Number of protein chains: 2
Amino acid sequence: METKNIGLRGIEVADTKISNIDGEKGKLIYRGFDILDLTKNSTFEETSYLLLYDKLPTKQQELNEFNAKLVEARYIPKQMQKNMANWRGDADPMDMLQAFVSALAGYYDEEFSNKDASIEKAINLISKVPTIIASWQRIRNGLEIIDPDSSLSHAANFLYMMSGEKPDTEVEKIFDVCLILHADHTFNASTFTARQVASTRAHMYSAASAAIGALSGELHGGANTEVMKMLLEIGEIDKVELWIKEKLVHGEKIMGMGHAVYKTYDPRAQVLKELSRKLAVKSKDNGSI
Amino acid sequence: METKNIGLRGIEVADTKISNIDGEKGKLIYRGFDILDLTKNSTFEETSYLLLYDKLPTKQQELNEFNAKLVEARYIPKQMQKNMANWRGDADPMDMLQAFVSALAGYYDEEFSNKDASIEKAINLISKVPTIIASWQRIRNGLEIIDPDSSLSHAANFLYMMSGEKPDTEVEKIFDVCLILHADHTFNASTFTARQVASTRAHMYSAASAAIGALSGELHGGANTEVMKMLLEIGEIDKVELWIKEKLVHGEKIMGMGHAVYKTYDPRAQVLKELSRKLAVKSKDNGSI
């Protein structure tokens with residue numbers, strides 16, 4: 001029997017009003033706002049509010065209340081961190097994240113079919129995912145876990161939990177912009193997976209965990225891991241040209257060069273390129289980030 | 001902006017040659033064999049071999065070697081069981097399974113793109129999933145975990161790890177048939193999720209974990225959980241008629257009554273109904289199963 005493997009290219013399944021990509025013009029739009037405007041005029045917290053509530057916070061109080069919820073939700077159970085410490089030390093961070101996001105359901109099983117409960121779960125995911133990542137980063141490097149600091153922004157708190165040092169405002173802003181740029185990317189493979197799982201009425205942690213699984217593949221978010229491996233392999237600027245030529249001669253792929261959906265230029269790359277330059281100069285100046 | 005939510009009903013994405021359903025005739029076919037024939041003439045181990053290798057084992061030695069691999073793969077790391085014991089005691093078994101199947105990757109990270117490694121991962125999944133389920137079942141009931149018994153079949157070993165008692169051959173056979181009936185069900189929501197995750201080149205544990213997430217939803221495998229809740233709620237045979245009438249009067253759904261894909265009768269139900277009757281009689285006879 002012949003099997004078909006047509007895939008979903010060109011097939012309309014559903015769409016999303018959360019964000020959209022104008023591939024021809026190289027634009028990514030969240031809820032009607034160009035991401036380039038959002039990186040200039042908003043924070044990750046405000047962008048998250050926009051994505052969740054379909055409007056920007058109009059009063060300071062709305063934003064303050066939302067921030068307070070995000071800050072409060074940063075902790076994960078100590079028991080979970082203890083379990084992480086029992087894990088195999090060289091476990092892949094994406095596998096850890098998939099497992100522990102799914103595990104959140106064991107601790108935070110808010111009611112299912114209710115908009116407020118869904119927002120609560122979303123806030124838990126936004127705030128606890130960085131804590132899971134940072135906890136594992138510290139554990140696998142044999143370091144003490146650092147508790148969240150409620151005086152810091154989402155971006156600064158993550159960098160603090162990772163490194164133990166509070167970042168300066170420039171680094172904080174750069175990372176905040178990175179988070180804004182990655183907050184949504186329309187109907188990609190991980191979003192599709194999350195919707196597929198949620199469509200059976202499985203809960204949001206289950207759906208997000210599954211989405212992280214899809215994201216881990218090297219044809220999706222895993223491409224970033226491959227880029228990092230590539231950079232470490234190349235090692236120095238002087239070796240770039242030879243390395244690239246070698247790859248091209250052997251007809252090998254070079255990971256991470258553009259997203260197929262953009263016909264012109266990935267608008268995120270435009271911003272990130274400039275930020276990388278700033279960070280590189282900065283780290284030369286003071287020997288560290 | 002209006003959003004579309006068309007879903008995949010009637011859209012051909014891909015198909016599978018592992019199994020197919022003839023909804024009109026009420027038939028489920030694995031690799032060309034009617035499941036009714038497989039329940040009569042094969043074991044779960046032989047059916048697994050058929051699904052994995054696209055043929056039934058023709059020599060006893062082939063089957064013996066396959067069985068030996070399945071038996072050897074039954075253990076999970078003690079560390080994983082220790083972590084389970086640290087979990088919240090009332091965590092949902094499906095959430096536990098999703099988390100710990102994903103966690104397997106931290107322990108068994110066989111190479112990716114190689115048929116043999118894929119078979120090895122599949123064998124790990126077939127053999128370790130029952131051990132994960134049984135470990136959690138024991139832990140959450142405050143009981144000692146029972147190690148797999150290599151002298152028992154797949155079906156008997158699972159029942160033994162769950163209850164601590166070796167089942168008699170009739171109960172073993174009944175459960176073996178249940179496993180055969182549930183070994184595959186073509187391109188359903190969980191299989192679709194697994195393929196979606198695997199299509200990004202994420203590894204098989206990640207894909208299976210995501211599939212378990214999809215399965216947990218009450219519009220998929222979670223329907224079984226709802227049926228169990230319903231049975232516990234009804235409590236006694238005498239109360240069935242009134243309970244059903246009440247539900248119908250209020251226009252409520254009654255869970256688990258048939259699978260939409262079958263126009264006539266779910267062929268699995270045909271077998272399961274008879275087996276339930278046998279088990280019920282048996283448990284009346286000796287006061288337990």
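Trainee: What makes the largest nonpolar core of this predicted model a core, and which residues have the most contacts inside it?

Mentor: A nonpolar core is a set of buried residues of the nonpolar kinds joined through side-chain atoms within 4.5 Å. The largest such set has 43 residues, and those with the most contacts inside it are A:Trp87, A:Phe100, A:Ile132, B:Trp87, B:Phe100 and B:Ile132. Helix 4 (78–85), helix 5 (93–103), helix 6 (115–140) and helix 10 (204–216) of chain A, together with the helices of those numbers in chain B, each give two or more residues to this core. Apart from it lies another core, of 28 residues, among them A:Leu28, A:Ala155, A:Phe158 and A:Leu275.

Trainee: What does A:Trp87 touch, leaving aside residues up to four places away in sequence?

Mentor: Its partners in chain A are A:Met96, A:Ala99, A:Phe100 and A:Trp136. In chain B, A:Trp87 touches B:Gln79, B:Asn83, B:Phe100, B:Ala103 and B:Tyr107.

Trainee: Why is the pair of A:Tyr49 and A:Phe66 called edge-to-face?

Mentor: The ring centres lie 5.3 Å apart and the planes stand at 90°. A:Tyr49 lies in helix 2 (residues 44–53) and A:Phe66 in helix 3 (residues 60–72) of chain A, so the pair ties together parts that are 17 residues apart in sequence.

Trainee: How do you know that A:Tyr49 is buried?

Mentor: The limit for a buried residue is under 20% relative accessible area. A:Tyr49 has 6%, and is therefore buried; A:Phe66, with 3%, is buried as well.

Trainee: Why is the pair of A:Phe158 and A:Phe175 described as stacked?

Mentor: Here the planes are 15° apart and the centres 5.5 Å apart. Planes under 30 degrees apart count as stacked, so the term applies. The pair joins helix 7 (residues 154–163) to helix 8 (residues 169–181) of chain A, and both A:Phe158 and A:Phe175 are buried.

Trainee: What makes strand 1 and strand 3 of chain B edge strands?

Mentor: Three strands of chain B form an open antiparallel sheet in the order 1-2-3. Strand 1 (19–22) and strand 3 (33–34) each have a single partner strand, so one side of each is left without a neighbour in the sheet.

Trainee: How do you know that strand 1 and strand 2 of chain B pair?

Mentor: Pairing needs at least two bridges. Strand 1 and strand 2 (residues 27–30) of chain B have four, in the antiparallel sense, so they qualify.

Definitions and conventions
Residues numbered from 1 in each chain as written. Chains lettered and ligands numbered in written order. Predicted model: local features only at pLDDT ≥ 70, side-chain atom pairs only at ≥ 80, totals over all residues. Heavy atoms only, no water. Buried < 20%, exposed > 50% of the residue type's maximum accessible area, 1.4 Å probe, protein only. Contact = heavy atoms within 4.5 Å. Phe/Tyr/Trp six-rings, centres within 6.5 Å; stacked < 30°, edge-to-face > 60°.
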